[in-house]
Amino acid sequence: MRALLENAALAQRGALIGWVPVCLGIGIGTYFALGQEPGLIGLTTLAAVASALIVVARLVRVAYAPLAMAVVLIVVGVGLAKYRTEAMSAPVLGFRYYGPIQGRVVSIDRSASDALRLTLDQVVLARMAPDRTPKRVRVSLHGDQPAAPFAPGTVIILTGHLSPPAGPAEPGGFDFQRHAWFLELGGVGYTRTPALRLAVPEQTSLAMRIFAMRMAISSAVQMAMPGETGAFAAAIMTGDRSGMDQGTLADLRASNLAHLLAISGLHMGLLTGFIFATLRYGLVLLPGVGLHWPVKKIAAACAMLVGAFYLALSGGNVATERAYIMVAVMFAAVLLDRRALTLRAVAIAAIIVLVWQPEALIGPGFQMSFAATTALVAVFGALRRFDHSRLPAWSRPILSVVLSSFVAGLATAPFAAAHFNQIAHYGLIANLLSVPLMGVLVMPAAVLAVCLAPFGLWEVGLWLMELGLRWILLVAHTVSAQPGALSHVHAPDWTVLPVLALGLLWVILIQGRLRHAGLAAVVLAGLLWQQSERPALLIADNGSLVGLLGPEGRALSKPTGSSFVAGIWMENDGAPVPQADAAARDGLLQEGRVTEAPIGAWRVLQVSGKTALAALEGCGGADVLISNQDVSDPRPCEVFDIKRLRRTGALAIDVSTAGDLVISTAHGLSGERPWNARQGPALPPLVIMAVDGKRPAAATLLSENHAADQ
C-alpha cells in the first residue's frame with residue numbers, strides 16, 4: 001500500500017504546478033471562512049512547522065515532499081489574505097450621517113435602482129476628524145440633478161445621507177461589508193438635493209488623466225451612436241456602463257449574454273488576438289520581413305502593449321485586470337517559445353491574481369473566468385490527440401465555436417447558478433448567435449474606429465460596430481422573451497462550491513486513473529445542493545421586514561419598503577416574484593403594524609413603530625419579539641430591538657429536529673472580522689430549548705442576552 005501511494009505521488013510530478021493556485025486558494029478560502037481573525041504569530045508558527053515538514057519529507061521520502069509543500073502553500077494563502085486585509089484597512093463610518101459631503105469624483109456608474117452613482121475620494125464630512133473620515137464613499141443621485149455629467153476629477157459638494165456598508169441581507173449571504181472593505185468604501189448613501197461643482201477638475205495624476213480620457217471617449221461614442229447600442233459600445237470600449245438601463249441588463253442576463261458587456265477574458269482575448277493576428281500576417285506580407293525578423297514575437301509584444309492600454313482605458317477593474325494577466329502570460333509564453341494555451345499558463349495566471357488580489361477568489365468573476373478557461377484548455381488539449389483531417393475544412397471553425405461555447409457555458413453554469421440563482425436555458429443558442437459576431441465584426445470595428453479617430457473618420461468603425469451590436473441586442477431581447485428562457489434555483493449551502501471546484505480540478509489536474517475519484521466530489525456537491533434548506537423565517541437587520549417560508553413560497557410582512565433585502569431573499573429562495581405578490585401570500589398573521597409569524601409551536605412577533613410597541617403588553621405571548629425601535633424595558637421573551645439588530649445583523653430562525661428554536665445571526669456566521677468590527681463580538685446561534693419537546697410558557701423566557709446588550 002505504501003509503495004502504491006509513493007508511485008501515485010511520483011506520477012504527478014510533471015503536473016504539480018497546477019496545484020499551486022489550488023493550494024493557495026484553499027488557504028485564502030480558509031481565511032475568509034474563519035470565525036475570527038488569525039494572529040500573525042500563529043501563522044508564522046504554522047509556516048515554520050510546514051517548512052520543516054518539507055525538509056523532513058525530502059530526507060525520508062522524496063515522494064512525500066509535494067504534500068508538505070501543499071501544506072506550506074495553504075498557510076501562505078492564509079497569510080496572503082491576512083496581509084491584503086490589513087493593507088486595505090481604511091476608516092469606516094460607525095453611525096448614520098446626514099449633512100454636507102465633499103469629495104472628488106473617481107468613478108461613475110449606476111445603482112440597482114438605475115440612479116447615477118458617484119464614488120468620491122478626498123472626502124470631507126462636517127464635524128469629523130480626517131483620521132475618522134472614510135477614504136471613499138459612494139453616493140446615488142436622486143431627484144433633480146445637473147443635466148451635464150460630472151467630469152472625472154471634479155470636486156463636488158452635496159447634502160446627503162451616508163451609512164456604514166450593510167452586512168449580509170441574511171445569515172450566510174453575500175457580505176457587502178467585506179466587499180466594501182476591499183474597495184476602501186467607508187460609507188454608502190444617497191442624496192435627493194442637487195450636487196454642486198465646487199472645483200474644476202485638475203488632472204494631475206496619470207490615473208485621473210486616463211479616467212478623463214475614458215469618460216470623454218464614452219461620451220463621444222454615445223453621442224455618435226445614441227440609444228442602447230451606444231451605451232453597449234461605450235461599455236465594451238471603455239468599461240463605462242453608466243448608460244446601460246436595467247431592462248437591457250436584465251435581458252442580457254436572461255440570455256446569458258451579460259459577459260459580453262463586462263470587459264473580461266473574451267474582450268481582452270478577442271482584442272489582443274486580433275492585433276496579434278493582424279500584425280503577424282501583415283508583417284509577413286512585407287518583402288523580406290517574414291524571413292529576417294521575429295514576426296511572431298513582435299506581434300505578441302505589440303498585442304501585450306495594446307492590451308495594457310485597453311486595461312488602463314477600461315478603468316482597470318478586477319475582471320479586466322484578471323483577463324489581462326491571463327493574456328499577458330500566454331503572450332509571454334510566445335516570447336519564450338513555449339506553447340501559449342496550456343494548463344501551466346492558466347496556473348501561472350491564477351497564481352499572479354491570487355497573490356495580487358486574494359479576495360478575488362470568493363467573487364463570481366474569478367471563479368467563472370478561470371472555470372471557463374481551465375475547461376477550454378483541458379478539452380481542446382485532449383482533442384489534439386484526435387485526427388480532424390476527415391472533417392471538412394469549412395466545418396472546423398464552426399465546430400470550434402459551438403464546442404467552445406458549450407464547454408465554457410457548461411463550466412460556468414454551476415457557479416453562475418450559485419451566485420445569481422438563475423439558469424439561462426437558451427444561453428448556448430444566444431452565445432452561438434452572438435459571440436462569433438463579437439469576434440469577427442464588433443471588436444475589429446472598435447479597433448478600426450480607434451485607428452481612424454485621428455483622421456476624423458471613426459464613424460466608419462462605429463457604423464460597423466453598431467450593426468453587430470444591434471444584432472446582439474436583438475438576440476438578447478428575443479431569447480429572453482421566450483417562455484421558459486430562465487429558471488431559478490435556491491442558494492446552495494456554503495460547502496457546495498468548494499467541494500464542486502475541488503472535484504472538477506481533481507478530474508483535470510490528477511494524472512492517471514485516480515482522476516476519476518474527483519467525480520465522487522462532483523456528485524457529492526450536487527447532493528449537498530439538493531439537500532440545502534432555506535431558513536424558515538428571515539428578519540431584516542432593520543427589524544422592519546420579516547419573511548416566512550410556506551407552501552406557496554416566502555410570505556413577506558409588507559408590500560413595499562426594504563425592497564432590496566426582499567429581492568435578495570426571493571432570489572436566494574429560487575422563486576423571485578414582486579414584493580407585493582409575496583406580501584399577499586398566506587402564512588403571516590397581521591393586525592395593524594404587528595405581524596405574527598408562527599414557526600411550528602413557536603411564535604415570533606414583529607412590531608413596527610413606537611405607537612404599536614407602546615401598546616403591546618409584554619411580548620404579546622410571543623417567544624421572540626422583533627422591533628425596529630429601542631426596547632428599553634425588560635420583557636418576558638427574547639427581544640431583538642433596533643440596537644441589538646445593529647450588532648447581530650439579519651436573523652434566520654428555524655426549528656431543530658428536537659423542537660428547539662434556533663436563531664442564527666448574520667454577524668455570528670460572518671465572524672468577528674476587520675470589516676465588521678464595529679458590530680462587536682460575534683455570538684454563536686441562540687437556542688431556545690423546548691421543554692419535553694414542547695414550547696415553554698412565554699412567561700418563563702427571559703432575554704438574558706438582551707439584558708446584557710443594554
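D131 is exposed, with a relative accessible area of 62%, where exposed means over 50%, buried under 20% and partly exposed in between, using a 1.4 Å probe and protein chains only. The model is predicted, so that local features need pLDDT of at least 70 and side-chain atom pairs count only at pLDDT 80 or more, whereas totals for chains, interfaces and linings use all residues. Residues are numbered from 1 along each chain as its sequence is written, and side-chain values use heavy atoms, with hydrogens and water left out.

**Overall fold and dimensions**

- The protein has 25 helices and 19 strands, which are DSSP runs numbered from the N terminus, with helices being H or I of at least four residues and strands being E of at least two.
- The radius of gyration of the protein is 28 Å, close to the 27 Å that the globule rule gives for 710 residues, so the protein is as compact as a globular protein of that length; the radius is taken over C-alpha atoms, and the rule is 2.2 Å times the number of residues to the power 0.38.
- Taken along the principal axes, the box filled by the C-alpha atoms of the protein is roughly 95 × 75 × 55 Å.
- Of the contacts in the protein with a separation of 6 or more, 65% are accounted for by residues 24 or more positions apart, a contact being heavy atoms within 4.5 Å.

**Surface and charge**

- Buried residues make up 45% of the 710 residues in the protein.
- The accessible surface of the protein comes to about 34400 Å², and 65% of this surface belongs to carbon and sulfur atoms; the areas come from the Shrake-Rupley method with a 1.4 Å probe, and for residues only the protein chains shown count as cover.
- The protein has 52 positive and 44 negative charges, whose mean positions are 11 Å apart; Lys and Arg count as positive and Asp and Glu as negative, while His and the chain ends are not counted, and each charge is placed at NZ of Lys, CZ of Arg, CG of Asp or CD of Glu.

**Aromatic pairs**

- A pair of aromatic rings is described by the distance of the centres and the angle of the planes.
- The count comes to 7 aromatic pairs, under a rule by which rings of Phe, Tyr and Trp (its six-membered ring) pair if their centres lie within 6.5 Å, with planes under 30 degrees apart counted as stacked, over 60 as edge-to-face and the rest as tilted.
- The rings of Y31 and F32 have centres 5.1 Å apart and planes at 80°, so the pair is edge-to-face, and both Y31 and F32 are buried.
- The rings of F32 and F182 have centres 5.9 Å apart and planes at 70°, so this pair is also edge-to-face; the pair links distant parts of the chain, with F32 in helix α2 (residues 19-33) and F182 in helix α5, 150 residues apart.
- F182 is buried, as is F32, and ring pairs link Y31, F32, F182 and W675 into a cluster.

- E170 is placed in the loop between β4 (155-163) and α5 (176-182), and E170 is buried, with a relative accessible area of 4%.
- Not counting residues up to four places away in sequence, E170 touches R534, L538, W569, N572, A650 and A666.
- E596 lies in strand β13 (residues 594-599) and counts as buried at 16% relative accessibility.
- With residues up to four places away in sequence left out, E596 touches L588, L589, R603, V604 and L605, while the C-alpha atoms of E596 and L625, which are 29 residues apart in sequence, are 9.5 Å apart in space.

**Loop residues and backbone geometry**

- Most residues other than glycine have a negative phi, and most peptide bonds are trans.
- N256 has a positive phi of about 60° although it is not a glycine; N256 is placed in the loop between α8 (246-254) and α9 (265-285) and is partly exposed, with a relative accessible area of 33%.
- N421 likewise has a positive phi of about 60° without being a glycine, but N421 lies in the loop between α15 and β7 (422-424) and is buried, with a relative accessible area of 3%.
- L391 is placed in the loop between α14 (364-383) and α15 (395-420), is partly exposed at a relative accessible area of 34%, and touches R396 and L399, not counting residues up to four places away in sequence.
- D131 lies in the loop between β2 (116-125) and β3 (136-141); D131 and A690 are 559 residues apart in sequence and 49 Å apart in space, C-alpha to C-alpha.
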